[in-house]
Structure formats: structure tokens, C-alpha cells
Amino acid sequence: MVDTVMDRSLVLGYTTIGLAVRRALPGWPADPPADALRGRHVLVTGASSGLGTATVEGLAALGAVVHMLVRDEAKGAGVADRIRASQPGAELRLWRCDVADLDDVRRLAEAFAAEVGELHAVVHNAGVMPPTRTESPQGHELSMAVHLLGPVVMTEALRGVLSGGRVVLVSSGGMYGQPLRADDPGYEKGDYSPTTSYARSKRWQVEMAPLLAERWAADDITVATMHPGWADTPGVQESLPTFRKLTRPVLRDDAQGADTSVWLAAVEPAPPTGRFWHDRVERPTSLLPKTRPDAATRDRAWAWLRAAADLT
């Protein structure tokens, strides 16, 4: 009951307060063993800053061979060197890819599968919040390309090496305020808002996850979406300065925000597939009736995703 009240209050549940209280409550899920991922390969996108870097650190601390996918190789190399300095023996490998560019995603997946024979998990963490409506090289609205299409295309192309593994999509609590806009996936109607676009694409992640879980179940791949709460990430610092100024004393640090991503990748047995998580607990996907899609809307969204990601 305490956990649920905090979750619905947002301020209590999404901040450092919520995590501290939950850790002290009976039933807090145990940490994975120190060597839970020893020798296993995990891919993390958006690995050169914020939650992505913290996810890499958390996975490496559990023994994983962590593949850091970045756009800026020089920046990524600097982050990798810093992690190695703080965690001697950490096994890190750097890959370059623009997740918004579906051609580049397919190139990366082909090269990755040729080199890495077995992938335990992929954490789709890369994120964007462009100030104006921007399109990807394939003509998709950028938030949708980075948060949904790129991850789906990448996972689909990696199904062979990911068989029996896990997919974690890093979503956002902001999606609670948005419906599933299957009628406007490219945000072509109305005045563009960066925060609305971001939240819409995160709603798509959460609503499509059960359908993707069904699709990838044949390869025994489990799918989880999660939100990190309110974390003091570079994205928040750059795109939401007023929000950060008001909430900074209680914002989570990167490691606290990444905790559930690391847990979902490492805990045994694998969590139930297709679910939405926050602070290691399954959460509802809608809090308001107006944001809960009906079957026809979800079917329309799934049809668009299948076509846009070329899922045959």
C-alpha cells in the first residue's frame, strides 16, 4: 500500500525519496549476485552519458562484457576509459551507430552478430528530445525513430544471437500523460512540443511491448519496459531546466535511475515478458482512462510499426 501511494503521488515515488523508502520496505527484490552476469554479453545504447553510462557501470560490476553503443566514438572512448579506471578488469567494447538511422542500425546489427555469437541482453537507452520537429534519415519523426523504430529494428536484426535473452526499453513516467496517438505517429498535426513528442514515443514503447513480446517469444526473448523515475540526466539538464531547478534536491542520480534496467537484465529467473516496471516492481501502464488505448487503436499502431520497421 505504501509503495502504491508513493507511485501514484509521483513526487514521492519518482524521486530519491521513493527509492529510499522502497529499499527499506519488506519485499524489496534482492540484488542480483555479484557475479550474476559473469562472461555474458550485454549491449547498451546511448552508453556515453547519463543513464546509459550508469547502466554500463552497473552491468560491468556484475561481470558482464558490456558493448557500449554510441554516436560519438571519441566521447564513448573517454567514458570507457573512466569506467575501466574505476572498475579495473571491466570488459567494455565500443560500437558506433546512429539509432535514428535504420540503415545504420541494420549495418551495426549485422557486424555485431558476426562478431558476438551470443547476446544475453540489450538495453535500449538512447534518447533524444529535439527542440523542433526533426526527421530521421528515413523521414520518421526523430523521437519515434530513436525510441521505438531503431530499437525494434535492432532487436529484430539481432534475434539470432539474442535467442533466449532479454530486451529492456528505457521509457519514461511522462508517458502516463499521453495517449497512444496511432492517428499521428509522425507528430504532423498541431503545434510541436518537445516534451509531448518525447512522452508520446515512450507511450508507444509501453503499448507495443506486449505485442513485440509475442513476436519474439518464438526465440525465447523476454521484453521489459521500465521508467527510471526523475533522474538528473543530461537530457533533463539541457531540455527541462525549469523542472530541474524546482526538483533538483530530490532528483535521482544516474545510478539510481539505472537500477531497474540493470536488475531486469541480471535477475534470475527472467521477469515476466511484456510488462512495465519501476523500482523493480511491475507498474500499470495507464493511470487515467483517457490514456488507455482500445483494441482498435493498438491494432492501428501495431500495423504502422510493422510497416515502418519492415517487420514481415
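Reader: In which helix does Val21 lie?

Author: Val21 lies in helix H3, which covers residues 16-24. Please bear in mind that this is a predicted model.

Reader: Does Val21 count as buried, partly exposed or exposed, and why?

Author: Between buried, under 20% relative accessible area, and exposed, over 50%, a residue is called partly exposed. Val21 has 31% relative accessibility, and therefore counts as partly exposed.

Reader: Which residues make the nonpolar surface patch?

Author: The patch is made by Val2, Leu12, Ile17 and Val21, and its area is about 270 Å².

Reader: Why is the pair of Trp95 and Phe112 called tilted?

Author: Planes under 30 degrees apart count as stacked and those over 60 as edge-to-face, with the rest tilted. The planes of Trp95 and Phe112 stand at 50 degrees, with the ring centres 5.0 Å apart, so this pair is tilted. Trp95 belongs to strand S3 (residues 91-96) and Phe112 to helix H6 (residues 102-115), so the pair ties together parts that are 17 residues apart in sequence.

Reader: Are Trp95 and Phe112 buried or exposed?

Author: Trp95 and Phe112 are both buried.

Reader: What can be said of Tyr187 and Tyr192?

Author: Their ring centres are 5.0 Å apart and their planes are at 50 degrees, so Tyr187 and Tyr192 form a tilted pair. Both of these tyrosines are buried.

Reader: Which residue lies over the face of Tyr187?

Author: That residue is Arg200, at 4.0 Å from the ring centre of Tyr187.

Conventions: Residues numbered from 1 in each chain as written. Predicted model: local features only at pLDDT ≥ 70, side-chain atom pairs only at ≥ 80, totals over all residues. Heavy atoms only, no water. Phe/Tyr/Trp six-rings, centres within 6.5 Å; stacked < 30°, edge-to-face > 60°. Helix = DSSP H or I, 4+ residues; strand = E, 2+ residues; numbered from the N terminus. Buried < 20%, exposed > 50% of the residue type's maximum accessible area, 1.4 Å probe, protein only. Lys NZ or Arg CZ within 6 Å of the ring centre and 35° of its normal. Patch = residues over 30% accessible without salt bridge, like charges linked within 9 Å, V, L, I, M, F, W, Y side chains within 5 Å. Areas by Shrake-Rupley, 256 points an atom, 1.4 Å probe, with all protein chains shown as cover. Salt bridge = Lys/Arg side-chain N within 4 Å of Asp/Glu carboxyl O.
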